[in-house]
Amino acid sequence: MMKNSTFTTPVEDRYFEDYIEGITHEFGTIFVEADEVIAFAKRFDPQPFHTDPEAGRQSIYGGLIASGWHTASLMMRLFVDHFLSHVASLGSPGVDELRWLKPVYPGDSLSLRVTVIEAKRSNSKPDRGLIRTDIQVLNQHHDVVMTMKALNFICCRQLTV
């Protein structure tokens with residue numbers, strides 16, 4: 001059974017030992033702004049339903065929508081601000097199972113639900129561990145709009161002997 005929780009250790013002092021398997025953390029909010037949706041899409045994903053409000057209205061989405069990559073970037077901002085250690089994060093070897101489930105519209109407010117599904121200390125490098133998380137991005141209606149599984153290397157607070 002998963003428990004909803006907040007960390008007892010602030011993000012500025014969080015280490016591998018603070019990421020407990022089975023615990024779910026919820027946080028957010030970040031707002032989706034129309035000008036940012038258009039600017040991001042013009043630079044990185046210039047499909048008409050991302051760059052032109054009228055084309056968005058004429059599309060199957062009924063309006064301008066954020067690129068999935070923009071949604072992933074907004075997720076990353078929340079993930080870094082609230083979940084990843086600011087002192088012990090060593091980066092990520094990748095993500096799995098990235099899915100965009102529902103469109104994200106300007107005016108939406110996004111939040112995260114992150115469950116630690118595995119926390120394993122490295123045998124070969126005992127100063128760090130690997131955490132695997134299940135990430136859900138939710139809109140203001142609590143609809144899940146994006147999911148992914150992430151891997152992150154995190155320094156340990158204490159070395160084992």
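Colleague: How many salt bridges does a search of the whole structure find?

Modeller: The search finds 10. A salt bridge here is a side-chain nitrogen of Lys or Arg within 4 Å of a carboxyl oxygen of Asp or Glu. This is a predicted model: local features need pLDDT of at least 70, side-chain atom pairs count only at pLDDT 80 or more, and totals for chains, interfaces and linings use all residues. Side-chain values use heavy atoms, with hydrogens and water left out, and residues are numbered from 1 along each chain as its sequence is written.

Colleague: Which residue forms a salt bridge with glutamate 17?

Modeller: Arginine 121, with the closest N and O atoms 3.8 Å apart. Glutamate 17 sits in the loop between β1 (3–5) and β2, and arginine 121 in strand β4, so the pair ties together parts that are 104 residues apart in sequence. Strands (E, at least two residues) and helices (H or I, at least four) are DSSP runs, numbered from the N terminus.

Colleague: Is glutamate 17 buried or partly exposed?

Modeller: Partly exposed, at a relative accessible area of 26%. Arginine 121 is also partly exposed, at 22%. Buried means under 20% relative accessible area, exposed over 50%, partly exposed in between (1.4 Å probe, protein chains only).

Colleague: Which residues are linked in a network of salt bridges?

Modeller: Asp96, Glu118 and Arg132. Aspartate 96 and arginine 132 meet at 3.9 Å, N to O. That pair links strand β3 to strand β5, 36 residues apart. Aspartate 96 is partly exposed at 35%, and arginine 132 is partly exposed at 26%.

Colleague: What about aspartate 127 and arginine 128?

Modeller: Their side chains meet in a salt bridge at 3.1 Å, N to O. Aspartate 127 is partly exposed at 31%. Arginine 128 is partly exposed at 24%.

Colleague: Switching to the core. Which residues have the most contacts inside the largest nonpolar core?

Modeller: Met75, Phe79, Phe83, Leu110, Leu112 and Ile135, in a core of 33 residues. β2 (23–31), α1 (34–44), α4 (68–82), β4 (109–121), β5 and β6 each supply at least two residues of this core. A nonpolar core is a set of buried Ala, Val, Leu, Ile, Met, Phe, Trp, Tyr and Cys residues joined through side-chain atoms within 4.5 Å.

Colleague: What is leucine 112 in contact with, leaving aside its neighbours within four places in sequence?

Modeller: His25, Glu26, Phe27, Met75, Leu78, Phe79, Ile135, Gln136, Val137 and Leu138. Contact means heavy atoms within 4.5 Å.

Colleague: Backbone next. Where does glutamate 97 lie, and what is its phi?

Modeller: Glutamate 97 lies in strand β3 (residues 94–100). Its phi is near 55°, a positive value in a residue other than glycine. Most residues other than glycine have a negative phi. Glutamate 97 is partly exposed, at 48% relative accessibility.

Colleague: And histidine 142: what is its phi?

Modeller: About 70°, positive although histidine 142 is not a glycine. Histidine 142 lies in the loop between β5 (128–138) and β6 (144–155). At 63% relative accessibility, histidine 142 counts as exposed.

Colleague: Zooming out, what pattern does the protein chain follow along the sequence?

Modeller: The pattern is β-β-α-α-α-α-β-β-β-β. That comes to four helices and six strands. The C-alpha trace spans about 65 × 30 × 25 Å along its principal axes.

Colleague: What share of the residues count as buried?

Modeller: 41% of the 161 residues. Among contacts between residues at least 6 apart in sequence, 69% join residues at least 24 apart.
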